Amino acid sequence: MNNLIEWISQPWPWYVAGPLIALVMFSMLWLGKSFGLSSNLRTMCSILGAGKNCEFFDFNWKDQTWNLVFAVGLLLGGTIAHLWLTPENAVALNPATLAELQQYGVEPPEDSLVPASLFSWSSLLSLKGFIMLIVGGFLVGFGTRYAGGCTSGHAISGLSHLQIPSVIAVIGFFAGGLLVTYFVLPYVLSL
Amino acid sequence: MKLLRYLFIGIIFGITLTKAEIISWYRIYEMFRFQSFHMYGVIGSAVALGIGITQAIKRFRIKSIDGESIHIPDKQFSIARYLIGGSIFGMGWALTGACPGPLFILVGNGATVVLVVIASAVLGTYVYGRLRGRLWH
């Protein structure tokens with residue numbers, strides 16, 4: 001049993017994760033639902049009463065309970081992996097990436113999946129933290145709803161269903177992502 | 001109690017994305033710098049199997065758990081909506097290193113400040129909803 005847990009605790013390679021993600025998508029279809037996480041953000045708006053003054057949020061959010069429960073599952077899965085399935089080794093980044101990030105003053109990943117200096121409460125008070133977490137989060141919420149889906153809804157479900165709109169959306173994801181990574185992050189990270 | 005099914009699938013998904021480091025800001029940065037195959041392998045293999053699954057559902061008319069036919073709706077065609085909306089999301093993805101699913105998983109991993117990122121994303125969704133009629137779709 002300990003060997004099994006030790007084995008699971010190693011970082012999982014892409015060829016394990018990718019097929020598992022496809023199986024999660026299939027499970028949702030088989031249960032008669034669709035696989036997409038950004039809709040939860042819209043549901044949360046509706047729960048908070050946004051339907052009162054905006055038709056877009058005026059729907060019976062209780063029909064979406066299954067997706068909120070799925071999101072709670074994600075949170076629990078993260079906790080389980082964090083508490084019991086964590087290995088000793090850090091994220092094995094490309095040395096070139098590491099060197100680059102070091103130049104911008106981002107610490108290397110040691111026992112954390114995210115740069116602790118950025119993902120901390122105190123970082124929210126800095127301009128860098130504000131741009132990356134608050135502005136970044138806003139763009140995620142605004143953009144996913146504008147595009148009608150995120151990575152799960154478009155990149156996984158949509159591409160699997162050979163949808164041209166999803167191909168366009170994924171091109172957009174990369175256009176925006178590359179723009180920020182090449183032209184914005186070098187400045188923001190050095191703040 | 002049917003809801004427990006979704007909780008269970010969510011737990012599997014949360015563990016998978018944590019263990020494969022997909023929720024890692026570092027991995028997303030590395031992906032956008034084309035310095036690793038990892039994320040492309042994850043998305044590529046998920047889509048490859050996903051295409052097979054979707055085709056199989058159609059060809060063999062696989063029924064859902066309740067015995068109904070599985071209907072996957074087509075997405076409405078537009079270029080502006082997906083390109084502009086997608087680019088805006090992409091910018092947020094590169095900044096936060098997280099798409100909506102990983103936001104929840106990161107909170108579970110103890111990065112509690114991500115709750116603020118989720119709140120900000122909810123606000124972004126709300127602002128989209130309010131401006132929707134005036135945006136190019």
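How many salt bridges does the rule find across the interface of chain A and chain B? The notes below answer that and walk through a few other spots.

1. **Ground rules.** This is a predicted model, in which local features need pLDDT of at least 70 and side-chain atom pairs count only at pLDDT 80 or more, while totals for chains, interfaces and linings use all residues. Residues are numbered from 1 along each chain as its sequence is written, chains are lettered from A and ligands numbered from 1 in the order in which they are written, and side-chain values use heavy atoms, with hydrogens and water left out.

2. **The salt bridge.** The rule finds one salt bridge across the interface of chain A and chain B; the term stands for a side-chain nitrogen of Lys or Arg within 4 Å of a carboxyl oxygen of Asp or Glu. The partners are Glu100(A) and Arg33(B), whose closest N and O atoms are 2.6 Å apart.

3. **Extent of the A–B interface.** Chain A brings 126 residues to the contact and chain B brings 106 residues, where contact means heavy atoms within 4.5 Å. The two chains bury about 10400 Å² between them, with 77% of it on carbon and sulfur atoms. On the chain A side, Trp14(A), Leu113(A) and Tyr146(A) lose the most area to chain B, yet together they make up 8% of what that side buries. Buried area here is the accessible area (1.4 Å probe) that two parts lose on being put together, summed over both.

4. Helix 8 of chain A gives the most to the side touching chain B, with 19 residues. That side of chain A divides into 85 nonpolar, 36 polar and five charged residues. Nonpolar covers Ala, Val, Leu, Ile, Met, Phe, Trp, Tyr, Cys and Pro, charged covers Asp, Glu, Lys and Arg, and the others, Gly among them, are polar.

5. **A serine to look at.** Ser45(B) sits in helix 3 (residues 38-59) of chain B; helices are DSSP runs (H or I, at least four residues), numbered from the N terminus. Ser45(B) counts as buried because its relative accessibility is 13%, the cut-offs being under 20% for buried and over 50% for exposed, with partly exposed in between (1.4 Å probe, protein chains only). Neighbours within four places in sequence aside, Ser45(B) is in contact with Trp14(A), Gly18(A), Pro19(A) and Tyr40(B).

6. **Two domains in chain A.** Chain A is divided into domain 1 (1-86) and domain 2 (120-191), with bounds from an automatic or database domain assignment. Their centres, taken over C-alpha atoms, are 18 Å apart. The area buried between the two domains is about 710 Å², and carbon and sulfur atoms give 69% of it. Met25(A), Phe35(A) and Ser38(A) supply 56% of the area that domain 1 buries against domain 2.

7. **Backbone angles worth a glance.** Most residues other than glycine have a negative phi. Leu162(A), in the loop between helix 7 and helix 8 of chain A, has a positive phi of about 55 degrees. Arg61(B) has a positive phi of about 45 degrees and is exposed, with a relative accessible area of 65%.

Terms used: Helix = DSSP H or I, 4+ residues; strand = E, 2+ residues; numbered from the N terminus.
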